[in-house]
Amino acid sequence: MPARVRTPRKLARASPGSDARPRSTRRATSAKILLVPPTAHPLLDADDCARARAAVDALRRYWTPRHPELPSATLGAAAYLDIPTDGVRQYYTRATRARRALHREFDWLYERLTAAVEAALGAPAAITTAYAPPGFHIFRWHERLSELSPKLHYDLQHEHLDWKTSPNADPSRRFSFTVPIAMPAAGAGLYVWPITHGEPVPADPPGATYHPYALGDLFIHDGFHLHQIAADRPMFEGEERVTFQGHGVLDDGVWQLYW
Ligand SMILES: O=C(O)CCC(=O)C(=O)O
Ligand SMILES: [Fe+2]
């Protein structure tokens with residue numbers, strides 16, 4: 001259940017990182033944006049989460065470290081991380097390298113995911129073959145982990161992709177999802193502000209709604225509202241935060257799921 005509203009101290013520093021992209025790759029999205037409200041849908045039970053968590057470890061050799069010193073890594077390519085820092089070719093290289101292993105270990109999870117997306121959003125869903133399939137974010141406790149202070153942002157990773165291989169993809173119909181498969185005892189969640197991308201951020205901005213995650217639940221939102229991983233949840237020694245993540249874009253009536 002969404003909970004309390006909080007004053008966004010850091011709102012003035014909102015810096016949606018994905019805005020810095022070459023003009024040539026921008027794609028007009030003049031159509032009215034589909035605003036998917038933040039909602040949670042049961043997806044995995046505790047045993048399923050443990051199974052997924054074990055498979056993430058089994059694929060350790062495919063992990064990409066995301067910080068030189070702190071225990072932050074991903075399994076699978078992520079457009080929003082790989083393209084701005086390493087370029088689109090590296091994104092495809094990483095996606096190709098992990099694709100077969102991800103499907104081998106996680107086809108059961110992809111099947112659950114596509115069925116849940118279909119039920120939640122009323123159109124069939126598929127795991128993309130054009131981009132990286134959904135993957136995982138892994139954070140482990142570290143005494144300096146708070147240095148990774150999460151940014152306020154909008155999900156604009158679709159703007160990095162040229163969609164040549166998916167000319168009918170409609171980025172005005174999109175969403176982002178997170179499924180926590182391991183969480184600190186204090187929980188994890190997302191702050192979402194009632195401010196959409198392109199709207200000016202007011203000097204006295206409205207408060208955010210905190211959406212707590214539940215282990216194994218599929219949490220979806222449009223990514224078009226200003227949001228931030230809740231960084232005020234404490235994490236203790238030995239704990240970790242592992243999430244299954246990705247985005248959906250409607251392409252010829254099918255939600256293509258990618259990361
Ligand atoms: O909670 C997470 O790890 C992801 C949050 C986020 O930025 C998103 O879902 O778009
Ligand atoms: Fe996001």
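Which residues have the most contacts inside the largest nonpolar core? They are Ala 79, Ala 132, Ile 181 and Leu 218, in a core of 51 residues. A nonpolar core here is a set of buried Ala, Val, Leu, Ile, Met, Phe, Trp, Tyr and Cys residues joined through C-beta atoms within 7 Å. A residue is buried if 20 or more other C-beta atoms lie within 10 Å of its own, exposed if 12 or fewer, and partly exposed in between, with C-beta atoms placed from the backbone. Helix H3, residues 88–121, gives the most to this core, with 9 residues. Apart from it lies another core, of 12 residues, including Tyr 154, Leu 190, Val 192 and Phe 224. As general background, nonpolar side chains tend to be buried together in soluble globular proteins.

Before going further, I must state the conventions. This is a predicted model, in which local features need pLDDT of at least 70 and side-chain atom pairs count only at pLDDT 80 or more, while totals for chains, interfaces and linings use all residues. Residues are numbered from 1 along each chain as its sequence is written, and chains are lettered from A and ligands numbered from 1 in the order in which they are written.

On confidence, pLDDT is the predictor's confidence in each residue, from 0 to 100. The mean for the protein is 88, and 88% of its residues reach 70 or more. Please note residues 4–30, where pLDDT stays under 50. For that stretch the model has 46 contacts beyond four places in sequence, a contact being two residues whose C-beta atoms, placed from the backbone, lie within 7 Å.

Now the overall picture. The protein has 3 helices and 13 strands; these are DSSP runs numbered from the N terminus, helices being H or I of at least four residues and strands E of at least two. Of its 259 residues, 39% count as buried. Among contacts between residues at least 6 apart in sequence, 82% join residues at least 24 apart.

Let me return to Ala 132. Leaving aside residues up to four places away in sequence, Ala 132 touches Gly 76, Ala 77, Ala 78, Ala 79, Tyr 91, Arg 94, Ala 95, Tyr 258 and Trp 259. One of these, Ala 79, is also among the buried residues of helix H2 (79–86), together with Tyr 80, Asp 82 and Ile 83. H3 is included in what covers those buried residues. Just after H2, Gly 87 takes a positive phi of about 95 degrees.

Is Arg 100, by contrast, buried or exposed? Arg 100 lies in H3 and counts as exposed, because it has 9 C-beta neighbours inside 10 Å. Ala 130 sits in the loop between strand E5 (125–127) and strand E6 (135–140). Ala 130 counts as partly exposed, because it has 15 such neighbours inside 10 Å. Its C-alpha atom is separated by 9.9 Å from that of Leu 257, which is 127 residues apart along the chain.

Turning to the strands, two strands pair if DSSP finds at least two bridges between them. Strands E3 (63–65) and E4 (72–75) pair in the antiparallel sense over 3 bridges, with Thr 64 opposite Thr 74. These two strands form a hairpin with 6 residues between them. E4 also pairs with E6, antiparallel, over 4 bridges, and there Ser 72 stands opposite Phe 139.

Finally, the ligand. What surrounds ligand 1? The shell consists of His 137, Asp 155, Ser 176, Thr 178, Leu 190, Gly 223, His 227, Ile 229 and Thr 243, a residue being near a molecule if its C-beta atom, placed from the backbone, lies within 6 Å of it. Strand E7 (169–182) and strand E11 (225–229) are the elements that give two or more residues to this shell. By class, the shell has 2 nonpolar, 6 polar and 1 charged residues; Ala, Val, Leu, Ile, Met, Phe, Trp, Tyr, Cys and Pro count as nonpolar, Asp, Glu, Lys and Arg as charged, and the others, Gly among them, as polar.

E11 is largely enclosed by the rest of the structure, because 4 of its 5 residues are buried. E11 pairs with strand E8 (189–196) in the antiparallel sense over 4 bridges, and Leu 190 has Ile 229 as its bridge partner there.
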